[in-house]
Amino acid sequence: MTAVTSAASTAQTRVRDTATDAKWLVPLSDLRVDDEIEQAVASVVRSGWWSMGPRVAEFEREFAALTGAKHAFAVANGTAAIHLALLALDCGRRDDVLVPSLNFVAAANTITHTGARPVFCDVIGPDDLTVDPADIEAAITPQTRAILVMHYGGHACRMDEIVELAARRGLALIEDAAHAPAATLHGRGLGTIGDVGCFSFFSNKNLPTGEGGMVVTNNDELAERIRLFRSHGMTTLTWDRHRGHASTYDVVLQGFNYRLDEMRAAIGLVELGRLRERNDARGRIVERYRAALDGVSGITMPFAPRPEVVAAHHLAVIVLPQGCARHEFQAAMVERRIQTSVHYPPIHSFTAYREESQRPLPVTDALASRLVTLPLYPHMTDDAIDAVVEAVLASV
């Protein structure tokens, strides 16, 4: 095998796919582990410094350069990133935060952990699964403090409208860019358009480190609050004291331990060098799916290309035809050994959030049972893509 990127191929003598479960002919996602990644981690282990230190700092610098952000803070995971963003913006009791319900539950959980209330908003439609700016505006009340958007599947929300709305109504704006590292809108990195941007490096993400995340901002005051909240509100860190740059510390607010470790930062630095090329590979696969499936047998595929958007293509999602039972479709795909998933069961449908669901979300409700996520990873072969397409058309 060869690695996906030229950078990786020069360092690699062995490549191992992690999808070893023989159940799947084509898994939903897949990691490749090579010598460059192993050596990066081994170097950290041998160094004897495993907690947040110089590699985390380097990862932050490189990620800030990638996105065009002034400040970047590596954190334990994407959920911690969103929590820190909300805390930095003073979201708390008696505040409402507007958030799309078609979303991972972490968004709502972090809002409730600040004491604020999630107010769920609808998506645009079957061609665009991002939050509807018109429904955001309809949901605003005097209690609204912030808007938390999600760039679904690595595709930009309608940020021109949302930024204008947030500015006009005096609301903070957080971007959940967990799906969108290196994606852009009008040439600006997603995550840098609002007040704070949040990223995830979970194993199935475009930039995987196992766990991990990043918070970015261009606001110096917010950056300082994020830095403090990330590490117990301490004014200096262990690495600073280890280097002799400080001998003591103060605690100026009640923070958390949301730091990233050196091993994951080392993996992140390797993966960062491969990110753009792998995003491009994902995009080519999605377009093959689109050419073969969109408009065929009643199937549609959201997110047709937009000239102002460079997407990250984290997900390949189809909308099943009306009347097609998703559980039967997915069972038929399993029979053909093709793994699928759903992104996402709407948050307002979960028991924990049914009482929070006080607004009608007709578009989300109409689409929720028809969404299916197809396999997508950068090194998918033509045979694997063809197998997925064949299985989809046979299973509808």
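The points below describe a predicted model, grouped by topic.

The structure holds 9 aromatic pairs. Among them, the rings of Phe59 and Phe63 have centres 6.4 Å apart and planes at 75°, which is over the 60 degrees needed, so the pair counts as edge-to-face.

**Phe59 and Phe63**
- Both residues belong to helix H3 (residues 54-67), where they sit 4 residues apart, about one turn of the helix.
- Phe59 has a relative accessible area of 0% and is buried.
- Phe63 is likewise buried, with a relative accessible area of 0%.
- Ring pairs join Phe59, Phe63, Phe199 and Phe201 into a cluster.

**Tyr152 and Phe303**
- The ring centres of Tyr152 and Phe303 are 6.0 Å apart and the planes are at 25°, so this pair is stacked.
- Tyr152 is in the loop between strand E8 (144-150) and helix H7 (159-169), and Phe303 is in the loop between helix H11 (275-293) and strand E14 (309-310), so the pair ties together parts that are 151 residues apart in sequence.
- Tyr152 is buried at a relative accessible area of 0%.
- Phe303 has 11% relative accessibility; the limit for buried is under 20%, so Phe303 also counts as buried.

**Ala74**
- Ala74 is part of strand E3 (residues 71-75).
- Its relative accessibility is 0%, so Ala74 counts as buried.
- Leaving aside residues up to four places away in sequence, Ala74 touches Val56, Glu60, Gly213, Met214, Arg230, Tyr258 and Leu260.
- One of these, Met214, is 140 residues from Ala74 along the chain, yet their C-alpha atoms are separated by 4.4 Å.

Key:
Residues numbered from 1 in each chain as written. Predicted model: local features only at pLDDT ≥ 70, side-chain atom pairs only at ≥ 80, totals over all residues. Heavy atoms only, no water. Helix = DSSP H or I, 4+ residues; strand = E, 2+ residues; numbered from the N terminus. Buried < 20%, exposed > 50% of the residue type's maximum accessible area, 1.4 Å probe, protein only. Contact = heavy atoms within 4.5 Å. Phe/Tyr/Trp six-rings, centres within 6.5 Å; stacked < 30°, edge-to-face > 60°.
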